[in-house]
Amino acid sequence: MEESIMMKEMIKRQARNALAEGWDAVLGLKRRWGQIGPHLFTDPDELEKIELDPKYCLAKTIRSMLKRWPALRVAAVIRGCDVRALRELEKMGVFSSKRLYVIGIPCSPEQAEECNCEKPIYETLSCVGCWKCIDVCPEEAIERINVCPILVDSEWNEGLSKRKAVYIPFPQAMPLKAIRDSEHCLKLKGILECKGCEAVCEAKAIIHDDEEKIEEIDVGTIIVATGFKIFDPAPLTHYGFGRYPEVYTSLQFERLNNATGPTEGKIQTKDGRVPAKVAIIHCVGS
């Protein structure tokens with residue numbers, strides 16, 4: 001549910017940007033009288049009512065609309081199947097994509113199976129993690145599946161995003177290899193006979209009975225890197241940390257500002273809005 005909400009907010013943000021950049025309208029879906037159907041959005045505020053339904057085909061609507069209004073420049077919220085159909089029509093000379101800006105909708109694996117498109121779908125347990133299914137769908141309309149069912153707060157992104165129980169600790173980690181979180185892995189905790197990661201590991205590198213251990217080694221030099229622990233501002237209730245969604249610590253703000261962070265370096269609110277101003281309070285807790 002959370003992913004679908006984030007997806008909808010991302011689509012609405014792209015649609016607003018398209019209108020701000022001068023596109024005449026955004027073609028999407030809207031619910032009226034209990035039914036979902038095509039609608040041309042011209043007011044950014046009206047985009048709050050946009051609906052996402054990957055089952056709805058809009059390729060024919062776009063072709064007819066652009067043929068009827070030759071000067072219209074439209075952004076369209078469409079699925080990968082529609083994009084492929086429009087490209088085929090363009091090859092036939094009956095459609096031009098110059099007046100179309102595509103905002104893509106990823107389809108769920110269930111939807112891909114129902115549509116029976118070019119089979120960009122797989123059985124999770126028989127997947128070897130090669131992601132060839134993405135190659136079949138050029139628009140990347142099918143979301144990749146991580147077979148680990150566990151989602152926990154990402155320490156690297158200061159809890160601003162999620163990670164799996166099987167994960168790479170951070171970008172450019174040395175060695176750049178996945179590890180398993182023994183505190184949350186269903187198999188390691190003995191909660192469930194889960195072998196999702198084993199099923200996709202082509203190298204057959206998963207060792208279920210492995211565990212952390214401390215080794216003593218002889219060295220000539222010791223480098224002491226003490227690190228630090230960031231101050232928890234939650235007890236200082238007048239700052240609102242933990243009560244208001246857009247109050248962050250300095251490290252959380254760094255993750256938002258970083259290209260490897262959860263927003264790829266874009267400073268934005270949790271619902272996708274770009275703030276006009278950002279206030280920074282220094283030395284909280286000093």
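A polar contact here is a pair of N or O atoms within 3.5 Å; within protein, one must be able to donate a hydrogen and the other to accept it, and residues adjacent in sequence count only if both atoms are side-chain atoms. By that rule, the side chains of Glu46 and Lys30 make a polar contact at 2.9 Å.

Before going on, the conditions. This is a predicted model, where local features need pLDDT of at least 70 and side-chain atom pairs count only at pLDDT 80 or more, while totals for chains, interfaces and linings use all residues. Residues are numbered from 1 along each chain as its sequence is written, and side-chain values use heavy atoms, with hydrogens and water left out.

Now the overall counts. The protein has seven helices and nine strands; these are DSSP runs numbered from the N terminus, helices being H or I with at least four residues and strands being E with at least two. Of the 286 residues, 32% are buried, meaning under 20% relative accessible area with a 1.4 Å probe, protein chains only.

Back to Glu46. It lies in the loop between strand 2 (35–41) and strand 3 (50–51). Leaving out residues up to four places away in sequence, Glu46 touches Lys30, His39 and Phe41, where contact means heavy atoms within 4.5 Å.

Next, strand 1, residues 25–32. Six of its eight residues are buried, so strand 1 is largely enclosed by the rest of the structure. For pairing, DSSP must find at least two bridges between two strands. Strand 1 pairs with strand 2 in the antiparallel sense over seven bridges, and Arg32 stands opposite Gln35 of strand 2. Two residues separate the strands in this hairpin, and Trp33 takes a positive phi near 55°. Strand 3 also runs antiparallel to strand 1, joined by two bridges; Leu29 has Glu51 as its bridge partner there. With strand 4 (residues 74–79) the sense is parallel, over three bridges, and Ala25 is partnered by Val74.

Last, a helix pair. How do helix 2 (residues 59–68) and helix 3 (residues 80–91) pack? Their axes are 9 Å apart at an angle of about 45°; axes are lines fitted to C-alpha atoms over the stretch in contact, and angles run from 0 to 180 degrees between N-to-C directions. Helix 2 and helix 3 are therefore oblique to each other, since angles under 35 degrees count as roughly parallel, over 145 as roughly antiparallel, 65 to 115 as roughly perpendicular and the rest as oblique. Ala59, Ile62 and Arg63 of helix 2 meet Asp82, Ala85, Leu86 and Leu89 of helix 3.

Conventions. Buried means under 20% relative accessible area, exposed over 50%, partly exposed in between (1.4 Å probe, protein chains only).
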